[in-house]
Amino acid sequence: MTDEPTNFLYPFIDAQEDLDGQGATALLADLAASAQAKAAESLTLRRRTLEANAELLGAAAAEMARRFSAGGRMFTFGNGGSCTDSATLAALFARPPLGRPLPAWSLTADQAILTALGNDVGFELVFARQLIARARAGDIAIAMSTSGNSPNLLTALAEARRGGLYTVGFAGYDGGAFATDPDVDTCFVVGSQSVHRIQESQALLGYRLWVAVHDRLSGQGRGAA
């Protein structure tokens with residue numbers, strides 16, 4: 001088994017040849033400094049993201065609350081790490097730690113459906129076909145992505161819009177196709193080049209969206225931020 005260099009992730013690990021005495025101490029100090037720098041970067045980005053999206057959060061929460069009150073349901077979807085994030089968001093709405101459960105489902109939850117659609121009609125349609133079968137006018141569709149460019153997400157958002165759903169996109173970088181697509185009613189953009197930092201900020205945005213929706217449903221009007 002060949003050794004794989006780790007310097008593309010943590011260059012100070014490969015550069016450290018002597019792990020005894022001062023070498024080990026220096027390595028631990030570098031690791032601690034790296035972790036602290038990443039935490040500080042994440043905190044700064046999350047704060048900046050909430051500020052940049054505050055108005056959008058309020059508007060989206062108001063529309064979602066209106067639809068939930070009228071019997072609407074929420075469907076979330078994404079690929080890879082964003083699949084996990086979208087499932088977490090759906091679970092937060094459907095099985096909240098407190099407050100009223102709201103009807104929400106992740107379209108990535110059923111492996112049999114995903115693999116059947118991927119095999120029979122193609123991966124680009126795995127979410128769109130589920131929306132055709134399950135969603136109705138008045139529902140909500142939320143697509144989570146770091147790039148904002150995934151073809152299967154864009155296809156699903158287009159189908160959702162045609163079906164009368166309120167469409168929300170979460171994206172990183174400059175928002176990708178989500179930011180300018182007319183099929184996306186609201187796009188939350190996390191302005192970062194790091195996938196890790198993008199997903200951390202998207203998780204916080206999703207939580208704040210949940211809080212804001214509940215505020216509006218309860219009539220307390222505390223706002224999204």
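Residues are numbered from 1 along each chain as its sequence is written, and side-chain values use heavy atoms, with hydrogens and water left out. Because the model is predicted, local features need pLDDT of at least 70 and side-chain atom pairs count only at pLDDT 80 or more, while totals for chains, interfaces and linings use all residues.

**Salt bridges**

The whole structure holds six salt bridges, a salt bridge being a side-chain nitrogen of Lys or Arg within 4 Å of a carboxyl oxygen of Asp or Glu.

| Pair | N to O distance |
|---|---|
| E63 and R66 | 2.7 Å |
| E63 and R67 | 2.6 Å |
| R161 and D185 | 3.3 Å |

E63, R66 and R67 are linked in a network of salt bridges. E63 and R66 lie three residues apart in helix 3 (residues 54-69), about one turn of the helix. Helices (H or I, at least four residues) and strands (E, at least two) are DSSP runs, numbered from the N terminus. E63 and R67 are four residues apart in helix 3, so about one helical turn separates them. An α-helix has 3.6 residues a turn, so residues three or four places apart point the same way. Both E63 and R67 are buried; buried means under 20% relative accessible area, exposed over 50% and partly exposed in between (1.4 Å probe, protein chains only).

The bridge between R161 and D185 links distant parts of the chain, with R161 in helix 7 (residues 151-162) and D185 in the loop between strand 4 (166-172) and strand 5 (186-190), 24 residues apart. R161 is partly exposed, with a relative accessible area of 35%, and D185 is partly exposed at 34%.

Helix 3 has 16 residues and reaches 22 Å from its first C-alpha to its last, close to the expected 22 Å. The expected span is 1.5 Å times one less than the number of residues. Its buried residues are L57, G58, A60, A61, E63, M64, A65, R67 and F68. G71 follows helix 3 and has a positive phi, near 95°.

Helix 7 has 12 residues and reaches 17 Å between its first and last C-alpha, close to the 16 Å expected. Buried residues in helix 7 include N152, L153, L154, T155, A156, L157, A158 and A160. Strand 1 (74-78), helix 6 (128-134), strand 3 (140-144) and strand 4 are among the elements that cover the buried residues of helix 7. Just after helix 7, G164 takes a positive phi of about 85°.

Strand 4 is largely enclosed by the rest of the structure, because seven of its seven residues are buried. Y166, V168, F170 and G172 are buried on one side of strand 4, and T167, G169 and A171 are buried on the other. In a regular strand the side chains alternate between the two faces of the sheet.

Strand 3 and strand 4 run parallel and are joined by five bridges; two strands pair if DSSP finds at least two bridges between them. A143 stands opposite G169 in strand 4. The chain crosses from strand 3 through helix 7 to strand 4 in a right-handed β-α-β crossover, that is, with the strands pointing away from the viewer, the path from the first strand over the helix to the second runs clockwise. Strand 4 also pairs with strand 5 in the parallel sense over five bridges, and F170 stands opposite F188 in strand 5.

T146 lies in the loop between strand 3 and helix 7 and counts as buried at 16% relative accessibility. Leaving aside neighbours within four places in sequence, T146 is in contact (heavy atoms within 4.5 Å) with S82, A171, G172, Y173, V195, I198 and Q199.

**Nonpolar cores**

A nonpolar core is a set of buried Ala, Val, Leu, Ile, Met, Phe, Trp, Tyr and Cys residues joined through side-chain atoms within 4.5 Å. The largest has 30 residues, of which M64, M74, F93, I142 and L209 touch the most other members. Helix 2 (22-52), helix 3, helix 4 (81-94), strand 3, strand 4, strand 5 and helix 8 (195-218) each give two or more residues to this core. Helix 8 supplies the largest share, seven residues.

Not counting residues up to four places away in sequence, L209 touches L57, A60, A61, M64, F93, I142, F170 and F188. Apart from this core lies another, of 21 residues, among them F127, A128, A135 and A156.
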